[in-house]
Amino acid sequence: MGQGNVNDTFLVTLQRGRQLVLQRVNPAVFPDPQLVQHNIRLVTAHLDRQVRNSPELTGRFTPLILCRGKKGDAYQDRDGAVWRLVNRVPGRTCETVGRPCQARELGRCLGVFHRLLSSLDPDALADALPGFHNTPACLKRYDQARAACTENNTPDIENEKCCRFIENRRSLAFLLNDAPELSRRIIHGDPKVANFIFDRDMENVVSLIDLDTVRPGLLLHDIGDALRSCCNPLGESSRAPEGIHFDPELFDAWLAGYAAEAELLLTNRDKAHIVDSVRVIAFELGLRFVTDHLEGDHYFKTRFRGHNLIRAQVQFRLVRSIEDQFKDLQHIVTTRINR
Ligand code: GN1
Ligand code: MG
């Protein structure tokens, strides 16, 4: 199932027709898959309790539920991989959205997710993926990969373009880390469009899945990540990076949806850094793709050599498009949520 870049996901249909989702957590990415399971256990139980206590959410947000077997909710394979089963939330997924009402729904659902988890202590969760969303560490790892690469072989032209882009924007990697007092909460860690479930008509978003990266983090990590995905109508695996742009209408609609649910979680500092957060997370993801290319494509699944470079170019185009519209986007933020 799905197009995950890291784990493997399967649809299981039982004899009587009930459907479940079976997942293998990639041990090459998550050093301790039992920690991932610990986080998911806490988060799913909390969401389930919260939704039961919020009648207005019935039918509007369906949480994932871990299936329990006789020996617990996880099976550890001989290769170290952890397997788990969850309910299948009926509905549809997509890689991109085009309509503002869909962007609004995506924002609303992430807002619900953040709001419901705001009553759970972030420190109860483990850091199951050290270094994740640590942009300066991503830059450092890129530097190391690049140094190792120029020693061994001659990099190609596309690669060089990406490297020049990174050189010109090194300071971007420190922007969120150096900003004081941004809100730290439990975050999803990977709220891209494909991780939300729409209903059959593609009108309402009913769930947020793929909880491997739930962790303590900045709300702005999630907000930036969600927006870099939602406001890119051509998608992160577009083969034509030249056409990529950051769509302000989708941005506006997403913010309206998020604010309706979770505006109270955001401080003025958070609000002031929303546009920056999108730029930083797009830059960070681009860095991660280039680094994986230089290291030989061992982290993200790729379909051809150079795939990670194209993905990186898409993210870098987004960064540029956000920079070109910076003032307008800041204005949208103030009209939408700086009341
Ligand atoms: C990876 O595996 P998947 O597709 O859920 C990655 C995210 C990236 C995303 C980009 C653990 O997510 O950080 O944003 O690809 N997950 C991990 O598509 O690295
Ligand atoms: Mg994921």
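**Charged pairs and ligand sites**

In this predicted model, Arg279 and Glu323 form a salt bridge in which the closest N and O atoms are 3.3 Å apart. The two partners belong to distant parts of the chain, with Arg279 placed in helix H9 (residues 274-294) and Glu323 in helix H10 (residues 307-324), 44 residues apart. Elsewhere, salt bridges with shared partners join Asp8, Arg24, Asp79 and Lys301 into one network. The structure as a whole holds 25 salt bridges. As a general point, side chains of opposite charge can pair when their charged atoms come close.

A pair within one helix comes next. Glu105 forms a salt bridge with Arg108, and the closest N and O atoms are 3.0 Å apart. Both residues lie in helix H2 (residues 100-117), where a spacing of 3 residues amounts to about one turn of the helix. Glu105 is buried, with a relative accessible area of 10%, and Arg108 also counts as buried, at 5% relative accessibility.

Another pair bridges separate elements. The side chains of Arg184 and Asp123 meet in a salt bridge with an N to O distance of 3.3 Å. Because Arg184 lies in strand S5 and Asp123 in the loop between H2 and helix H3 (135-152), this pair ties together parts that are 61 residues apart in sequence. Here Arg184 is partly exposed, with a relative accessible area of 47%, while Asp123 is exposed, its relative accessible area being 55%.

The protein donors of the magnesium ion (ligand 2) are the OD atoms of Asp190 and Asp210, which lie 2.1 Å from the ion. Asp190 is buried, with a relative accessible area of 18%.

At the level of individual atoms, a polar side-chain atom of Glu236 lies 2.3 Å from an oxygen atom of ligand 1, a polar side-chain atom of Tyr299 is 2.5 Å from an oxygen atom of the ligand, and an N or O atom in the side chain of Arg288 is 2.7 Å from an oxygen atom of ligand 1. Taken alone, ligand 1 exposes 440 Å², of which the protein buries 95%.

As a last point of reference away from these pairs, Thr335 has its place in helix H11 (residues 326-337). Thr335 counts as exposed because its relative accessible area is 51%, over the 50% limit. Thr335 and Val36 are 299 residues apart in sequence and 38 Å apart in space, taken from C-alpha to C-alpha.

How values were computed. Residues numbered from 1 in each chain as written. Chains lettered and ligands numbered in written order. Predicted model: local features only at pLDDT ≥ 70, side-chain atom pairs only at ≥ 80, totals over all residues. Heavy atoms only, no water. Donors = N, O, S within 2.8 Å, 3.2 Å for Na, K, Ca; no water. Buried < 20%, exposed > 50% of the residue type's maximum accessible area, 1.4 Å probe, protein only. Polar contact = N/O pair within 3.5 Å; in protein donor to acceptor, adjacent residues only side chain to side chain. Areas by Shrake-Rupley, 256 points an atom, 1.4 Å probe, with all protein chains shown as cover. Helix = DSSP H or I, 4+ residues; strand = E, 2+ residues; numbered from the N terminus. Salt bridge = Lys/Arg side-chain N within 4 Å of Asp/Glu carboxyl O.
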